[in-house]
Structure formats: structure tokens, C-alpha cells
Amino acid sequence: MTKRREITLAPEPLEAYAKHFDEVLSKSNQREEFRHSLEGLLLPTERHKTLTGLVNTQPLVGAQLPRAQKLQWFLTESTWDEREVGARRLHLLRQDPSTAPNEQGVLVIEETGDRKDGHHTAHVGRQYLGNLGKIDNGVVSVTSLWADERVYSPVEVEPYTPESYFAPGRNDPNFRTKLKIALQLVQQAVQQRWPFRAVVADNFSGEDRGLKSGLRTLGVPYVMALKPSHAWWHPEEVAGTLQDVAREAGWQSAEQPGKWVRVSRTFRDGSTQDWWALEVVAGP
């Protein structure tokens, strides 16, 4: 067996952690740049999410420095498998008593988007970006995260591929909605035996019946936000939403409209349309 080349070690105690990943990083420059990336993430800087921030260089022009180029190669061109590195990270988290998950934690499902110029990056497209609150060009991912009152640990991240990448669009069998990805992340956490008392998510997931049905099939409790509605507190046998009131109005068809009343509307161009109206008296 060929002896591995020596590398510049990271400062302790970071080196004690980094050496656990040497088995899944086959090349010496991979192992060395992996340590540099960890050091960059721990730097007391607001720019640790940028390449120049990771190597502690000035913005823009610092990207051309050799240490920035080496890290750029490691992150984008090198042949290490991010799944293997991620699995090793999660294994270490579960083995350490200070970060090991327990039954009192929750599995958080979240959608995150980042604006991205151009069209060369994988999965990029015009889509809704939650952090911007609007449709823009960017990349969207669905993530799972385990958390309790002490710690939180990112578990998995799956990029969403827009339907424009598939010739048949949404009809392509390989197309996955963000909600389908969310359910798959929960299934994966269950298969890997992550302990949690509930899945939690915002109203992006809470409004979807398919996702909630899938969680019930898995036997997983969930707590999800709902969008503001026009419902009100009511006894079980009394209508509590406008939809309930509309159903009670007895609509069958235009020939049997129940309590609905035909209204003829005339528009500026002289055309007319028949609409149906219902006088609602309901609520607390």
C-alpha cells in the first residue's frame, strides 16, 4: 500500500475532528483544503459563506489569490463525494453525547432559495425565492434539520429541479415537486432512525394535503403552520368557514341552485355574463 502524503494539520482541537474525514478524502490536497474550509467556517467574519470569506481574503480581488483558487478547486472540481462526507458528519454527531439526537427533538423541513445570475449553474431557474419574497432567477433547495432546545444539526439537503429542465414538464416521471422532496427527506430520516417527536414546517408545507397524508401513512406526528383563513370558532355541527356556508346553500346545478341567486352582469363593451351570488349571514 502506498503511504499517504503528509499534509499541513489544522490547529487543535479542529484537527481531532477533521481527521475523521480522511478516509473519504483520497487525495492529500483534498484533505488539506477540507481543513482550510473548516477553518474558514469558524472564522469570526460575516463573510464566511463566500469563497473569499472562507480563505480570509478581501472581497472580489481576493478570489484570484492562490489559496482562494485552491479552495475553489476543492469545492467545485475535486472528486470527493459529498454524500460520504455528509454521512460521516452525521455519524460523528450521533456518537457525541453533547450532540446526539434524542426523542424530544423535532425534524424541521424548510425550503430555502438563493438568487443566482446566469443559467450555467445546475438547477437554476426563474422561481419563487422565499428569502426574497418574489419570483427571481435562483436555486431552491429543500432541507431537513434536527433540533432541540440545545443544538440543531442539518441532516440533508436536496436541490429542486424546475420543470423547465424536463421536456414533458411536470409529467416527466423524474420531476419532483418541493413537497414530494420534503416527504422523501422525512422518509429518509425515519429509515435512518433519527429520533424526533414531530415534523415541523411552515405554511409552505402545512397547506398541502398530500404531504400531510404521507406523514400520517408513515405514522409521524407533525406541526405545520397554516395561512390566515376566514374560519371562526364554532360548534362542530355549525358552519365554521365560508366554504361550509357555501356547501350548505344547496347548489346542485343552474337548474337547482338552492339558495344561490342568478345575477346578470353587464360590462363596458355591452357583453353580459351570468354570475351566481349568495347572501351570507354567518360567523360569531
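Is glutamate 248 buried or exposed? Glutamate 248 is exposed, because its relative accessible area is 53% and the cut-offs are under 20% for buried, over 50% for exposed and in between for partly exposed (1.4 Å probe, protein chains only).

## What you're looking at

This is a predicted model, in which local features need pLDDT of at least 70 and side-chain atom pairs count only at pLDDT 80 or more, while totals for chains, interfaces and linings use all residues. Residues are numbered from 1 along each chain as its sequence is written, and side-chain values use heavy atoms, with hydrogens and water left out.

## The overall build

Start with the parts list: the chain has nine helices and eight strands. Both kinds are DSSP runs numbered from the N terminus, with helices being H or I of at least four residues and strands being E of at least two. The radius of gyration is 27 Å, well over the 19 Å that the globule rule gives for 284 residues, so the chain is more spread out than a compact globule. That radius is taken over C-alpha atoms, and the rule is 2.2 Å times the number of residues to the power 0.38. Along the principal axes, the C-alpha atoms fill a box of roughly 85 × 50 × 35 Å.

Of the 284 residues, 35% count as buried. Contact means heavy atoms within 4.5 Å; among contacts in the chain with a separation of 6 or more, 45% come from residues 24 or more positions apart.

## Surface and charge

## The nonpolar cores

A nonpolar core is a set of buried Ala, Val, Leu, Ile, Met, Phe, Trp, Tyr and Cys residues joined through side-chain atoms within 4.5 Å. The largest one here has 24 residues, and those with the most contacts inside it include Leu107, Trp194 and Phe196. Helices α5 (82-95), α6 (178-191) and α8 (209-218) each supply at least two residues of this core, and so do strands β1 (106-115), β3 (134-147) and β5 (198-201). The top contributor is α6, with six residues. There's also a second, separate core of 16 residues, with Ala18, Leu51, Leu54 and Ala68 among them.

Zoom in on phenylalanine 196: setting aside neighbours within four places in sequence, its contacts include Leu107, Trp146, Ala189 and Val220. Trp146 turns up again with serine 153, which is also in contact with Leu93 and Leu145 once neighbours within four places are left out. Serine 153 sits in strand β4 (residues 152-159) and counts as buried because its relative accessibility is 3%.

Histidine 36, in helix α2 (residues 28-42), is partly exposed at 28% relative accessible area. Its C-alpha atom is separated by 9.6 Å from that of leucine 9, 27 residues apart along the chain.

Tryptophan 80 lies in the loop between α4 and α5 and is partly exposed, with a relative accessible area of 21%. Beyond residues up to four places away in sequence, tryptophan 80 touches Val24, Leu25, Gln30, Phe74 and Val85. The C-alpha atoms of tryptophan 80 and leucine 25 are separated by 6.0 Å, although the two are 55 residues apart along the chain.

Which peptide bond is cis, with omega near 5°? That's the bond from glutamate 12 to proline 13, and proline 13 is in the segment before α1 (14-18).

Asparagine 56 has a positive phi, near 60°, in a residue other than glycine, and is exposed at 52%. Leucine 60 lies in the loop between α3 and α4 too, with a positive phi near 65°. Leucine 60 is exposed, with a relative accessible area of 74%.
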